[in-house]
Amino acid sequence: MVNCCGLITVKNEPVPLKSIAVEVSVQGHVATVSSTLQYENQEESPLEAIFVFPLPGEAAVCRFSAKIGQTEVVAEVQEKQKAREQYDDSLSSGQQAFLLEESDESPDVFKLSVGSLPPGEKASVSLDYVTELAVQADDGLRLCLPAVLNPRYQPQGSDSGSGGSALVSSVPAASVPYSLSLSARVSSPHPICRVESNCPLDPLNYLNTEKTQATVSLAAGHQFDRDVELLLYYQDTHQPTAIVEAAQTSAKPGSLMGDPVVMLSLYPEFPNDVMSSMTSLGEFLFVVDRSGSMSFSMHNGSGAQDRIGSARDTLLLLLKSLPMGCYFNIIGFGSSYESFFPKSVEYSQKTMDEALQKVKAMRADLGGTEILQPLKHIYSQPCLPDQPRQLFLFTDGEVGNTKEVLDLVKANAGSHRCFSFGIGEGASSALISGVAKQGGGHAQFITGQDRMQPKVMQSLRFALQPAVVDISVKWNVPKGVSVTPLSPPIRVLFQGQRALLYAQLTGKSSGDTEGSVTVKYSLAEQPVENQLSFSLKPTEDTGLTVHRLGARTLIRFLEMEERQGDGEKKGVKEKVVELSVQSGVSSAFTAFIAVHKVDGEAVQGPMLRRQVPTPMLCQRSRTMSLLRSSAMPGRMQGSMAMHQRMYRGLKGALLGKDSGDDVSDSDINYRGYMGFRRPRKRNGTKVQRDSDCPAPASDPAMDPLLQLISLQKASGSWVLEAALAEVLGKTEEEVAKPKPAPVDQEVWATVLALVWLYGFKMEAQEEWQFLAMKAVSWIQAQKAASVSECVQAGNTLLGCQVQKETLGF
């Protein structure tokens, strides 16, 4: 129970974290985020506070400090094990210490340890990071402040690691006993049109008449029921830009921080004649999360659809939108995985109908989220000749072995493109963005009241674009200046999508201050060239944001190289540690350590340890709270064996030892944060254990648009039938009567469907545009006469004014 004093565990332990204040500074396409956490020890003994929390997966943590009274201690970056040892030594000798480290399993989870806080003492901990802003389908720039950390499912047999996520202590969002405030200052080279959010905001305040600077704040009383998302809209978002940032004055010239760094934002524009022809080839694999948490609602509003229901509707739309001649398969995964077909099948009316019947039966009934095994299965299947593999991954992103998944995707990047979709609040940005980045695809996040379908169809449009090959980047700089790329080579380009490049500029030019970069590639066997010129003169007032983002980009590339087995002989880990220490940017192999040296007595016996709870959306049982609170006594690197003995002692009572169920050790996840539910029985037969979440809710009635889509044939046509008439709001007789005499019934039905779409559903055109293209192509293939007469008669029947040219005839 949570009482009025903010006591959150079954032991009624106080939470020392009182508030979080966030200040955001946005400069064009990048942001610096400063978070200040206020702690207070209201107990009678010294304590250590442990807080495990999410950050954006692409963030570069670049400063960490603590303030005790009037004394500020700025942390330094050290090799991780060395920092941990110094932290432990400091606590045992009576010093106050602060440790910030990245999870070993996922780069978007951090652990903050505040140690030896004396009774009555207050401490203020500050954390700064820089991050890129992702471009959305509507040209908005997305900044997400993760406030929700859902439990990350750990596959059986995996190591718990020591990076942080093993100690997540979660409570329902409404029970979080600390507050959150956020203010943002936005600066852009182009006017700021508007700022939107999934959370209530105070009004936007412009600071100048040009509207290039503004401030905005989160309204008071944030409920921690969602991540905080800001969408920034500028004029001319798609203009290529270049920012050259001056070197750090205290750093040695020739080092990364001692040289200027350039950040390029490129927006390749493809020739119109190439973009008008979409490919009809491909092997489309739709990989759908069917873990128990997919039964949760898409959002907290009334009438919300559950996640698996939205995924079913999206699969219907995708299956209807696929081009004839391609291949496809659907794989559902949880603790196990199931394929609709033993191998990918050719797209036809028969295979589409068979797949749709199986889609209707899909439920969130496959237990926990183990994504690695289905991916290994997919990559073990040989690719089909002349059918480029396109992977669409749908998940709520609650996995614990993110780095392992990303390594696997990168190792197979040459054989496919991967488009990823993070569903619901709290999805791991490191997983969703990382899979798309390593798989040469595009990432989308579906949160709040977003509809999944438009975002998925945008990615399908990318997947159907001709692949860009033979990409090369050439830097043109004055004599005396050399360029060292910090970004890995560009492997994928999409129409209208931004590509960010970082590079270090060493040396000086005697006179010329202009440089340029040329990107060349081949598209549909046509050579294409884009060029961007830029000034070598450093831009003012960027701090070291660009340097830190460039360092983070290089660090992530080197970390993956080290994990893929070739790092040890190359000394990659040592390079990462050196680069992390030099730039002050976090990495998997380093940690931030700050020690406040006071005249304290050595701590006698164990210090009180308090888990600061992280908000989550999954409602857990009181039993799970008991399990979690019991599983928290040890330090991150403490003995897992002790935890396992504790769980075994509780197992009989918690999982129904007397009920006759076959309970094994694997029925409990020893990580201390994975939900479970007791194996259910129906008529004496054990049913699949849904280890993430509750049973799925019933599906809402299908809306008219989805109903119309469900009636379309694989070829693109519709049949004149009662179900179609119902969608059109007519009787079957009313629909059949005005058909022009020489026109085939199927052509008439297809024209009517098109007129209805253009007449009544233009706001959803992004969802049905591929279906309409298929329908028009089918009608043209029939060489049907009197199409103009059909369109006119359809307009009269439905009360529309759609022109024949609008339909594409």
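Contact, as I use the word today, means heavy atoms within 4.5 Å. The model on the screen is a predicted one.

I'll start with Trp748. Leaving aside neighbours within four places in sequence, Trp748 is in contact with Leu720, Val735, Ala736, Pro738, Lys739, Pro740, Val743, Cys790, Ala793, Gly794 and Leu797. Trp748 also belongs to the largest nonpolar core, which has 82 residues. Among its members, Phe284, Phe286, Leu319, Phe328, Phe392, Phe394 and Trp748 touch the most other members. Which helix gives the most to this core? That is α16, residues 745-760, with 11 residues. There is also a second, separate core of 59 residues, and Ala31, Phe51, Val176 and Tyr234 are included in it.

Next, helix α5, which runs over residues 372-380. Its buried residues are Leu372, Pro374, Leu375, Ile378 and Tyr379. Seen down the helix axis, these fall within an arc of 165°, so they line one face of α5. What covers them includes the strands β20 (283-289), β21 (327-333), β22 (337-339), β24 (389-395) and β25 (416-423), along with helix α6 (402-411).

In the loop between α5 and β24 we find Asp386. Asp386 is not a glycine, yet its phi is positive, about 60°. Most residues other than glycine have a negative phi. Is Asp386 buried or exposed? Its relative accessibility is 65%, so Asp386 counts as exposed, the cut-off for that being over 50%. Asp470 also has a positive phi, near 55°. Asp470 lies in a strand, β27, residues 468-476. With 63% relative accessibility, Asp470 counts as exposed.

Now two serines in loops. Ser188 is in the loop between β13 (179-187) and β14 (192-197). Ser188 counts as buried because its relative accessibility is 9%, and the cut-off for buried is under 20%. A polar atom of the Ser188 side chain lies 2.8 Å from the backbone oxygen of His190. Not counting residues up to four places away in sequence, Ser188 touches Gly28, Thr212 and Tyr234.

At 15% relative accessibility, Ser487 counts as buried. What does its side chain reach at 2.8 Å? The backbone nitrogen of Tyr502. Beyond its neighbours within four places in sequence, Ser487 is in contact with Leu500, Leu501, Tyr502 and Thr553.

How values were computed: Residues numbered from 1 in each chain as written. Predicted model: local features only at pLDDT ≥ 70, side-chain atom pairs only at ≥ 80, totals over all residues. Heavy atoms only, no water. Buried < 20%, exposed > 50% of the residue type's maximum accessible area, 1.4 Å probe, protein only. Polar contact = N/O pair within 3.5 Å; in protein donor to acceptor, adjacent residues only side chain to side chain. Helix = DSSP H or I, 4+ residues; strand = E, 2+ residues; numbered from the N terminus. Arc of directions from axis to C-beta. Core = buried A, V, L, I, M, F, W, Y, C linked by side-chain atoms within 4.5 Å.
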